[in-house]
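Please open the model in a viewer and keep the selection tool at hand. The stops below are given in the order in which they may be selected.

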Amino acid sequence: MSPDEYCQNKTAKSGSSFYYSFLFLSEQQRQAITALYAFCREVDDIVDEVHEEDIARAKLDWWRQEIARVYDNKATHPIGKALTTAISHFDLHQEYLIEIIDGMTMDLTQFSYPDFTQLTLYCHRVASTVGLLSAEIFGYEERATLRYAENLGMALQLTNIIRDVREDAERGRLYLPQDELSRFGVDVDTILALEGSPELVSLLQFQAERAQQYYQKAMAILPDCDRYQQRTGLIIAQIYQATLKEIADDSFQVMQHRVSLTPLRKFWIAWTTAREQRRWRVKAA
């Protein structure tokens, strides 16, 4: 199995919404974004699946060394080799890949966040950096597009946090800021017991409004000249916003079941969004 096939399999098996957005990229772009996403999945799986902290930390440290080897053209892992190909075509900053690992490392010891400011650092590391790397792969003319990518990354991660409250609680993690839990009168033990409450619903409504503000800010920043090039990010945004709407329409019952879109609906959103951006490009020309 080639490095690119390894990454493709890892991406497809994840069932992620990102997979559907990759379908509308050039071959070179698809190779790079698939390698990037496979790397993110690999280090995330370490944190989720390795229960001994020392072993998980050692594995993440190994990946820090592998990223250094990537930039020295000496990668040993299939994902590292695929990333080597990616950086030969795109300006992917090494420090952003290391920041992703830093964010995953936070999960080993930090199971809650006192306030949104500290949560923002985590979101930046695990999501906004991915947005910045992705923007380089998709291409842009205006540097404002990088601020769009940062804000979109925040919006996507906040959506994940809302969707995955139960799944995270099962792992003993809570990404809802502690001061906001107190403000809304949410009992932490209730969440860790995998139970819902009216107070939690109110807090999640507040979090959803915050996520929407980041989506709106991202879209307002994105220059018109870069919309078509960044269509993959716009596809992801549409899929995630549709998921957030489904959660809201379900009255934020995330402790009862996980809300997700069907593969067919994800593909439909991807196709219609890509078509819309193609029309936008023609109109702007």
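Is tyrosine 113 buried or exposed? Residues are numbered from 1 along each chain as its sequence is written. The model is predicted, so local features need pLDDT of at least 70 and side-chain atom pairs count only at pLDDT 80 or more, while totals for chains, interfaces and linings use all residues, and side-chain values use heavy atoms, with hydrogens and water left out.

**Aromatic pairs**

Select tyrosine 113: this residue is buried, with a relative accessible area of 1%. Buried denotes under 20% relative accessible area, exposed over 50%, and partly exposed the range in between (1.4 Å probe, protein chains only). Rings of Phe, Tyr and Trp (its six-membered ring) pair if their centres lie within 6.5 Å; planes under 30 degrees apart are stacked, over 60 edge-to-face, and the rest tilted. The count by this rule is 7 aromatic pairs. One of them joins tyrosine 113 to tyrosine 122 in a tilted arrangement, with 5.7 Å centre to centre and 40 degrees between the planes. Tyrosine 122 is also buried, at 4% relative accessibility. Next, select Phe39, Trp62 and Trp63, which ring pairs link into a cluster.

**Salt bridges**

A salt bridge is a side-chain nitrogen of Lys or Arg within 4 Å of a carboxyl oxygen of Asp or Glu; the structure holds 18. Helices are DSSP runs (H or I, at least four residues), numbered from the N terminus.

Select aspartate 45 and lysine 10, whose side chains meet at 3.2 Å, N to O.

Proceed to arginine 171 and aspartate 48, which form a salt bridge of 3.8 Å, N to O. Arginine 171 lies in the loop between H9 and H10 and aspartate 48 in helix H3, so the pair ties together parts 123 residues apart in sequence. Arginine 171 is partly exposed at 35% relative accessible area, whereas aspartate 48 is buried at 17%. Both belong to a salt-bridge network that also includes Arg163, Asp164, Glu167, Arg173 and Arg258.

**Helix H12**

Select residues 198-221. The 24 residues of helix H12 should span 34 Å at 1.5 Å a residue, and the end C-alpha atoms agree, being 35 Å apart; the expected span is 1.5 Å times one less than the number of residues. Among the buried residues of H12 are Leu200, Gln207, Arg210 and Tyr214.

Conventions:
Helix = DSSP H or I, 4+ residues; strand = E, 2+ residues; numbered from the N terminus.
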